[in-house]
Amino acid sequence: MPHVPEPEEEHLAAIAPPQPVFHVEQALLGALLLHPHRLGDVTGIAADSFSTAAHAALFTAISTLPPPDPAEHAKNTKWLDQVLATGREQARGLTASYLHTLVQVCPWPRHAPAYARMVEAEHARRRLQTAAERLIQSVDDATHPHPVETVLAEADALTAVVDDIASRFPPRAGVLPRTAAPPPAITTDHSEAVEEEQLLLATATAHPADIESVRWLLPDDLTRPLHAGLWQCLTALARRREPVAPVTVLWEAQQRGLLDNASEPSKVLRLLAEPAGSVEHWAERALQRSLLATADHACQRISAYAGDPANTPFQLVVGARRALADISAVRARWQHATGTVPPPRPRPAPATRAGPPTTTAAHATRAARATR
């Protein structure tokens with residue numbers, strides 16, 4: 001007689017995700033329902049490793065209830081009824097018919113450890129994607145009073161997730177994500193950023209001696225190509241100890257091919273002739289924008305990697321660590337600029353082996369032995 005799904009089961013099937021991991025979870029739960037003693041072979045996962053609340057509730061019930069006697073379990077459904085009752089406390093849509101379905105879709109209960117490893121891998125991908133999305137949200141949230149500290153805290157949380165995944169799935173050398181990394185977002189010129197970078201360039205032109213104190217600022221930290229090129233001109237002139245003035249910067253810009261129809265000499269001269277504030281202040285502001293933009297691009301890359309189910313946990317770890325390295329590089333410059341470099345972590349004392357006795361009595365003992 002064909003199986004007719006109950007209304008609750010139809011609802012359960014309707015909300016289940018169609019990804020392959022859903023079927024893997026079904027096979028794993030079916031294996032544990034058939035042979036509860038195989039729970040001891042399943043490691044690396046917990047209830048939150050499953051993709052649906054129903055599956056999580058069933059795994060919780062299986063994990064918390066005392067395992068049945070194998071002989072009794074083969075004769076009756078008493079333990080299965082207990083699992084269903086316990087699971088319904090968290091997922092009311094569970095039915096006896098669905099447990100029957102789980103048992104039917106698992107012809108090889110001995111494969112439970114392999115199924116669990118697949119569930120763990122998919123959970124790792126979801127964890128990474130969630131952590132990356134949290135970092136993206138922190139970058140986009142303009143309400144934080146201390147945006148850099150907030151973003152770096154989320155970056156640390158993301159790094160911790162990557163490290164945990166790496167401990168479970170050690171990366172293999174040279175295994176990169178298949179997913180193409182998204183290009184950096186093309187940002188439109190925000191008036192505040194453009195104005196502050198112009199003030200940086202003009203103030204550095206008026207006070208070239210201060211350029212040395214902001215060596216941590218790189219041309220790529222500026223948002224416009226012309227501004228980046230002019231900063232290169234300023235740092236080059238200061239490094240060569242040549243005169244720095246609007247005209248000398250303009251000449252250096254011409255030598256570097258920076259002037260075009262959009263960068264008329266008169267406009268460049270006017271840009272460099274209106275200093276205000278301090279070089280260090282405007283440089284720090286530019287570096288802050290660069291750090292936030294770098295964090296945004298890095299987590300966009302990680303999110304793209306994690307969003308591709310074709311990537312293995314090994315590939316996710318390698319790709320995520322490369323993206324996080326970009327944040328670390330800008331972070332080091334930010335800490336140097338703001339004087340917030342954390343103290344080095346104390347290294348553990350090297351383990352030493354116990355050597356031979358060196359006391360006077362020990363020497364006397366060895367001498368006495370030598371004369372025997």
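Keep in mind that the model is predicted.

Let's start with helix α11. It covers residues 246–255. Which of its residues are buried? They are Val249, Leu250, Glu252 and Ala253. These four span an arc of only 160° around the axis, which puts them on the same side of α11. There is a general point behind this. An α-helix has 3.6 residues a turn, so residues three or four places apart point the same way.

What do the buried residues of α11 pack against? Their partners are three helices: α9 (191–206), α10 (225–239) and α12 (265–271). After α11 comes Gly257. Its phi is positive, near 70°.

Next, the second largest pocket. Its volume is about 380 Å³. The lining consists of 16 residues, and those closest to the pocket centre are Ile211, Glu212, Thr235, Ala238 and Arg239. How does the lining divide by class? Ten residues are nonpolar, five are charged and one is polar.

Last stop: His207. Look for it in the loop between α9 and α10. Is His207 buried, exposed or partly exposed? It counts as partly exposed, because its relative accessibility is 41%, and that class lies between the 20% and 50% cut-offs. Now find Pro275. His207 and Pro275 are 68 residues apart in sequence. In space, their C-alpha atoms are 8.9 Å apart.

How values were computed:
Residues numbered from 1 in each chain as written. Predicted model: local features only at pLDDT ≥ 70, side-chain atom pairs only at ≥ 80, totals over all residues. Heavy atoms only, no water. Buried < 20%, exposed > 50% of the residue type's maximum accessible area, 1.4 Å probe, protein only. Helix = DSSP H or I, 4+ residues; strand = E, 2+ residues; numbered from the N terminus. Arc of directions from axis to C-beta. Contact = heavy atoms within 4.5 Å. 1 Å grid on protein atoms, 1.4 Å probe; cavity = no way out; pocket = protein on both sides within 12 Å on 5 of 7 lines; lining within 4 Å. Points joined across faces, edges and corners; volume = space filled by probe spheres on them. Nonpolar A, V, L, I, M, F, W, Y, C, P; charged D, E, K, R; others polar.
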